[in-house]
Amino acid sequence: MRFALGLAALLLLGCGSESVPETIDGATQAYSQNRVAQAETIFRKIAAQPGSEARDRAQARRQLGRIAWLIDGDADRALKEIDSAFAAGDDRCASGRLKARILQEANRGEALLPQVEALAAACEDSGQGDDIRLRGAMAALDLGASGRTARLADARRLIAGTGEDARSAPAASALALRLALLQGDSEAALKAWKDYFWLSGTDVPQGLAPAFPAASPIFAAGLAADSAPGDRLRLVDLLVHAGFARAAEDFARLTGLARLAARDPLWRRASAYFEARRELETALLQSNRRVARGSSAADMSALLTRFEASLMKAGGLSGNWREALRRAYGLYGQSGETDGYASIHLGHAVQRDRRTIEQYGHRAEVTFIALDNMIANGFDSWLWDGTAAAGGWTEDGPVIVQVRPEYVSTPLSGWSLYSGGPARRRVAERARERARADVEALAGQDVAYLPGLSDRLKIQVADQVGARARAAGGDLRRAFLAEYWRASFQQSIFVHEGRHALDRTLVRGLARLWDSDLEYRAKLSELALSDYPRLALFEMDGDTIGGSSAHGKANAKVFQGYVDWMRAHRGEIKGYDSRIPPMAQVDRLTDAQIRAVARGLDPIAK
């Protein structure tokens, strides 16, 4: 299975007792490896040290607050930690973003809304301030949907008050869609729908077209002032297929479909979906929290089977469950073990087509499926809490699955680095400190997680993408986002998962059992065959490098290969400094060298 930080290949390690430095980075690394108690201990120690820098104390308090909320569901304790972070005085914007998130998710919207603009004002980066405004809009929509309709005006104001970057992100489009449905505005709803999926020339994603050839008439009929229950149900059915569960249920409640269409098969199908989805999400949250605290996970196969069985029954479906549920609900996914953790990965298929994969003369025809609006995306995605997530996987068929949301935010982050705003300035300001920390991390070893190296590689990728976008002419921002999206998809889905599809026939016998070797082979393909090999490199330089996970082992093996090559060819590397460990200088390799090393390590390239 492929994992992404935004797109980065980061996986969680099994619980263990590995030591990490008692620093913010060390505690963060422990958390990423699901050693939550160890991370808490370090964060508390940093927070309590009078000699700690303000930024470290503030960050430690924020992380303790995040753990209190995400892992333990304790909003009061989480908010106390956030108050302590504010008191530390550093990065009040980051503290404000977390506070807004906790208040919204804890259904304390009335407490959040009066604070939104004050919290956002602390953000030098307008995009981060817009994150707070969108949290406020979400809280206002929650209140509006519960009957406090006056709050819908607040939601509209907050969405409209964000900048272009925020409004163009799918998260804002999803909020705009929900608002338009609650206000009965068909034109605004259709626009938000198209914006969410980045549609032009059509108004429905390719994967939904067999069931819904066009979305425009469905929105128009379903949101008409005198719409019939059947038209409203058709709109709800479209929203369910695409995975907009909350928006669909809000609209159904507002228009009284439970009363007006109680016996309609479409309503029985939709209402069963709403109920079964809530039950599954609740069970998964409880299970994830237990696992993070060292207890056992729920039986994921049983949870998924119960969810699917209830939908099959409600929909009057028969035959192959997987195909029936994809056709009736747009659902597609699987349960099983993801890098050592019991997990479910389940979302809504918005694209499905056939593609040809070819690498080093080997060829395979694959089915490609893109999922959106995930109901579940594995334990590790939940633990990483938005900073990393499962980006896709390969299965028999062969089938390549992409988790679309994990590929949407990264182009926007890349643009923030390329455009020279606060994000790039922050990276530059911490460069020297992180370069020193990288060298210290490599004391006594060849390979380790190097945050400074990752920063430099990210900047290099953004600049490379920006140069190509500028050469293309036209709207620079739009061209940049399109090129970054294309490059990310090519590298981590088409090339990486494509290699997995090829290796299903190329690798046989006991070798099939070694997931780390399969991931190693796929990563070598990324480095050798992608347009931007540095994009692959910075994704591999993550917290879990060298750990016990398949990706951690594979990433370490990849970098060891580069270290060995650099030692043997130091005279060929421009600017190479023999006083600095080789891995800390990987960014000095040319793209041609990065590709050549990967080909030299790859058994099928040889």
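Why is strand β5 largely enclosed by the rest of the structure? Seven of the seven residues of β5 (residues 389-395) are buried, so the strand is largely enclosed by the rest of the structure. Buried here means under 20% relative accessible area, with exposed over 50% and partly exposed in between, using a 1.4 Å probe and protein chains only. Strands (E, at least two residues) and helices (H or I, at least four) are DSSP runs, numbered from the N terminus.

This is a predicted model, in which local features need pLDDT of at least 70 and side-chain atom pairs count only at pLDDT 80 or more, while totals for chains, interfaces and linings use all residues. Residues are numbered from 1 along each chain as its sequence is written, and side-chain values use heavy atoms, with hydrogens and water left out.

Strand β5 pairs with strand β6 (residues 399-403) in the antiparallel sense over four bridges. Two strands are said to pair if DSSP finds at least two bridges between them. Within this pairing, glycine 392 stands opposite glutamine 402 of β6, and tryptophan 393 has valine 401 of β6 as its bridge partner. The hairpin of β5 and β6 has three residues between the strands, and glycine 397 takes a positive phi near 150 degrees there. The peptide bond from glycine 397 to proline 398 is cis, with omega near -10 degrees. Proline 398 sits in the loop between β5 and β6.

Strand β6 is also mostly covered, with five of its five residues buried. Val399, Val401 and Val403 point one way from β6, Ile400 and Gln402 point the other way, and all are buried. Strand β6 has a further pairing, with strand β4 (residues 362-377), in the parallel sense over five bridges. Here isoleucine 369 has valine 401 of β6 as its bridge partner. Strand β4 also contains asparagine 373, whose phi is near 45 degrees, a positive value in a residue other than glycine. Asparagine 373 counts as buried because its relative accessible area is 16%.

Next come the nonpolar cores. In soluble globular proteins, nonpolar side chains tend to be buried together. A nonpolar core is taken as a set of buried Ala, Val, Leu, Ile, Met, Phe, Trp, Tyr and Cys residues joined through side-chain atoms within 4.5 Å. The largest one has 69 residues, and Trp193 and Phe219 are those with the most contacts inside it. Helix α17 (residues 265-292) supplies the largest share of this core, nine residues. A second, separate core of 50 residues includes Leu457, Leu535, Ala554 and Val558.

Leaving aside its neighbours within four places in sequence, phenylalanine 219 is in contact (heavy atoms within 4.5 Å) with Leu177, Leu181, Ser186, Ala189, Leu190, Trp193, Leu235 and Leu238. Leu190 and Trp193 are also among the contacts of aspartate 203 when neighbours within four places in sequence are left aside, as are Lys194, Pro213, Ala214, Ala215 and Ser216. Aspartate 203 is in the loop between α12 (186-197) and α13 (216-222). With 11% relative accessibility, aspartate 203 counts as buried.

Two other residues can be read in the same way. Glutamate 81 lies in helix α4 (residues 75-88) and counts as buried at 14% relative accessibility. Apart from neighbours within four places in sequence, glutamate 81 is in contact with Arg61, Leu64 and Gly65. Asparagine 34 is in the loop between α1 (24-32) and α2 (36-48), and its phi is near 60 degrees, a positive value in a residue other than glycine. At 3% relative accessibility, asparagine 34 counts as buried.

The last topic is a helix pair. Two packed helices are described by the angle between their axes and the distance between the axes. Helix α26 (residues 515-529) packs against helix α27 (residues 533-540) at an angle of about 145 degrees, with the axes 7 Å apart. The axes are lines fitted to C-alpha atoms over the stretch in contact, and the angles run from 0 to 180 degrees between N-to-C directions. From α26, Lys523, Glu526 and Leu527 meet Pro533, Ala536, Leu537, Glu539 and Met540 of α27. By class, this contact has five nonpolar, no polar and three charged residues; Ala, Val, Leu, Ile, Met, Phe, Trp, Tyr, Cys and Pro count as nonpolar, Asp, Glu, Lys and Arg as charged, and the others, Gly among them, as polar.
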